[in-house]
Amino acid sequence: MAQYRVVSGSVALITIQNPPVNALRAAVREGLFNTIKRASSDPQVRSVVLSGHNGTFCGGADIKEFGNVSLPGPHLVEIFQLMEDLVKPVVAAIEGFALGGGLELALACHYRIGHSKAKVGFPEVNLGLFPGAGGSQRLPRLVGVPAALDIIITGRHVAAGEALKLGLLDRVIDQNTVDAAVTFSKIQKCTSPPISGKPLDNHRLGNRPCPPLENMDAFFEEAMKRVHSRARGAVAPITCVQAVRGAATLPFHKGMELEKMLLGTLFNSAQAQASQYCFFAERAGARWSMPSGARWDTCKAKPISTAAVIGLGTMGRGITVALARAGLSVVAVETQEHQLAEAQRAVSRMLKGGGRVSYSPDLQAAAEVDLVVEAVFEDMAIKEKIFKQLSEVCKPGTLLTTNTSTLDIDRLASCTRDPQLVVGMHFFAPAHIMRLLEVVYGPRSSPEAVATAMQLGKRMGKVSVAVGNCTGFVGNRMLKPYLEQANFLLEEGATPELVDAALEEFGFPMGVFKMSDLSGLDVGWRVRKEEGLTGPGVTAGQPMRIRHGRRYSPLGDLMCEEGRYGQKTGSGWYLYDKPGGRVARSDPWLRNFLEQYRARHGLVARRISQQEVLERCLYALINEGFRVLEDGIAASPQNIDAIYVFGYSWPKHRGGPMFYASQVGLARVLEGLNHYHQAHPDVPHLEPCSLLRRLVASGSPPINKWSEVVKGHRSQL
Ligand SMILES: CCCCCCC/C=C/C(=O)SCCNC(=O)CCNC(=O)[C@H](O)C(C)(C)COP(=O)(O)OP(=O)(O)OC[C@H]1O[C@@H](n2cnc3c(N)ncnc32)[C@H](O)[C@@H]1OP(=O)(O)O
């Protein structure tokens, strides 16, 4: 796990060997501890170089070990102190990544040499932690408080060039880093005074004071304010500030005590567990499977080097940028000349002149591409026509994909010559920024087509999740009951402000009504018209608040009839200073409108608590998540959670809706749904689904065991 070799006569080369990222699991820690002691006592050794096997220095502590009550093997803090105290100089040779505990390890060395492509950072904050093995105390002493706090709070990867400027790395080189570090550690042979003979104290970061900072109190107060306003209830970023403040104000050993105490409060916390669950859920989508048994490891993707995007509205432009940035040559097609010219300017701006994109008003331009993404208006008739044309125009074997967010993939496939080549590629706005991609397979989509779309998602840096075909797929299908509850709550006496405040306090960046104003109320209105829920499709005399025998809220429709589409029109659930304005203000008109609406329908407003808002909105969404699992539309709760965290801004420190349900307790979710369904028997989305009941009856197993119950459940359906 840590290989020891004496090279170049006098240098102990210690290489961490734990593929794929050399994480510091117990055996590695043991290996490091023993090899450092060996180097210390080996009379032949005058200096030490520390490196990682296979081009990666170290990806940090082993996250899989974190669930253990007591971690076996020597503690990282102990190992790092042993290294720092060594009388022989220790040089870190950093290739690839030095992250988290990996960077803490490098900071305990006396010198750091990095390859020009190396990246360093402290991503612990994304795992609900902070650099709690000395990193929060050593980094500020090396690069100063402001730079250290920025690196620790953002969790960002710092490129070698920047790390050199900050003083985090001593040298950056383009050649073999280990060889360079060995030579560096032996400089005594060619320079005077020799590094090996130099007193190392100034290179022992634990011995150094933090560089002084003017207006320290004001700096930390400001930092704390900023973090509070951005953290959305996450505790780890706040702890980052507290720990760095400790580094700035306390002697090293006291700072280390503070660090230990703070880490103790986070290490087994619900937030840390949720964030670490998200780390693995993000990666779980890559191991996709289909009900047919086709899987990620048995299906080969087709090579894709050219693509066409059809329709250059907001989504089409973002998709073009995402594909071009992934290195594809893209033909962007838009039949409306004016829109085409505007899109060309917008895409060029986003690509900053880079990327290989050509533009055409003619579908024929897609004839020779390997893959098409259709991104036109959400209208089945238009999409069907385009798929028919594409099927005639494109060369045999071209993959035809659609960016529809709700429509039936199989119906589109049936308009083509080769339905097995059709899949959904559902991007999220803005498509070049949002990480999620739902890859939707229909009953006739081939495993090869799914594998190709999934691999393309990976090339674009997306978190790709393969899902089955149904209205709204996974994300939008689950969103529907959530939106529905929010509207019902308004009918019963809530205000948009009350509902949004509860959801924002939970951790969403925006409440449901602010979000609807941002995306445009007319989008859902159009869909509801297509579904015959409102507009000319509704038969005369039908009660306004009932559709298909269920409770229905026409509030969104009435808002649109008033021309209130949200931010774009300057008013929606909130008021904005102008069309396109961003700052939401309470609107007296809306209060009045809601009062009149309730009066007209004989509804008596009641006080609604934040708890009821959360339970009704979130439990309804979670209940649909269980249905999605039950129906086999998502392969696992991890896939659903990845969709919600990366596509719908569900707070990471809450782990996604299904993980949240497991943390709240499935029995409690079931009880809540039963309670609300009794109060609202005309709302089927509140009726607990059978899989949830069955999980509770099986003793509410942990989330990684749900699949066994799901399998048993499906076999009985
Ligand atoms: C004794 C403990 C005391 C407490 C000390 C507390 C202080 C220290 C805390 C930490 O160090 S926490 C860990 C900090 N490090 C990270 O967050 C880095 C996480 N990893 C990554 O960001 C990426 O993996 C990477 C290193 C940038 C490489 O990315 P790449 O895309 O090349 O590969 P991946 O697909 O992400 O990963 C491959 C494979 O490896 C697994 N993995 C990655 N990092 C870790 C890790 N730190 N621990 C355990 N496993 C890790 C990852 O899950 C993948 O596994 P599979 O999905 O293929 O099974």
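**Before you start**

This is a predicted model: local features need pLDDT of at least 70, side-chain atom pairs count only at pLDDT 80 or more, and totals for chains, interfaces and linings use all residues. Residues are numbered from 1 along each chain as its sequence is written, and side-chain values use heavy atoms, with hydrogens and water left out.

**Domains**

Colour by domain. The divisions are domain 1 (2-268), domain 2 (306-472), domain 3 (494-498 + 515-591) and domain 4 (610-710). These bounds come from an automatic or database domain assignment. Between domain 1 and domain 2, the C-alpha centres lie 44 Å apart.

**Stop 1**

Helices here are DSSP runs of H or I with at least four residues, strands are runs of E with at least two, and numbering starts from the N terminus. Two strands pair if DSSP finds at least two bridges between them. The three strands form an open sheet in the order 5-7-8, with mixed pairing. Strand 5 (97-99) and strand 8 are the edges; each has a single partner strand, so one side of each lacks a neighbour in the sheet.

Zoom in on strand 5 and strand 7 (residues 119-121). They run parallel, joined by three bridges. Pick leucine 99: its bridge partner in strand 7 is glycine 121. Axes are lines fitted to C-alpha atoms, for helices over the stretch in contact, and angles run from 0 to 180 degrees between N-to-C directions.

**Stop 1: helix 5**

Select residues 145-154. The buried residues of helix 5 are Val145, Ala147, Ala148, Leu149, Ile151 and Ile152. Buried means under 20% relative accessible area, exposed over 50%, and partly exposed in between (1.4 Å probe, protein chains only). What lies over them? The cover on these buried residues includes helix 4 (135-143), strand 8 (158-159), helix 6 (160-166), helix 8 (216-231) and helix 9 (236-249). Step past the end of helix 5 to glycine 155, where phi is positive, near 70°.

**Stop 2: asparagine 126**

Select asparagine 126, in the loop between strand 7 and helix 4. Its relative accessibility is 33%, so asparagine 126 counts as partly exposed. Setting aside neighbours within four places in sequence, asparagine 126 is in contact with Gly155, Ser275 and Lys652. Contact means heavy atoms within 4.5 Å. For a distance check, pick threonine 404: it is 278 residues from asparagine 126 in sequence and 31 Å away in space, C-alpha to C-alpha.

**Stop 4**

Focus on strand 15 (residues 422-427). Is it enclosed or open? Six of its six residues are buried, so strand 15 is largely enclosed by the rest of the structure. Val422, Gly424 and His426 are buried on one side, and Val423, Met425 and Phe427 on the other.

Next, look at the partners of strand 15:

- Strand 14 (residues 399-402) runs parallel to strand 15, with three bridges. Threonine 402 has glycine 424 as its bridge partner. Leucine 400 stands opposite valine 422.
- Strand 16 (residues 436-441) runs antiparallel to strand 15, with five bridges. Valine 423 stands opposite tyrosine 441.

**Stop 3: helix 23 and helix 27**

Select residues 610-630 and 690-697. The axes of helix 23 and helix 27 come within 8 Å and cross at roughly 90°. That makes helix 23 roughly perpendicular to helix 27. On helix 23, show Asn623, Phe626, Leu629 and Glu630; on helix 27, show Ser690, Leu691, Leu692 and Leu695. These residues make the contact.

**Last stop: helix 24 and helix 25**

Select helix 24 (residues 637-647) and helix 25 (residues 657-664). Angles of 65 to 115 degrees count as roughly perpendicular, under 35 as roughly parallel, over 145 as roughly antiparallel and the rest as oblique. Pro637, Ile640, Asp641 and Tyr644 of helix 24 meet Pro657, Met658 and Phe659 of helix 25.
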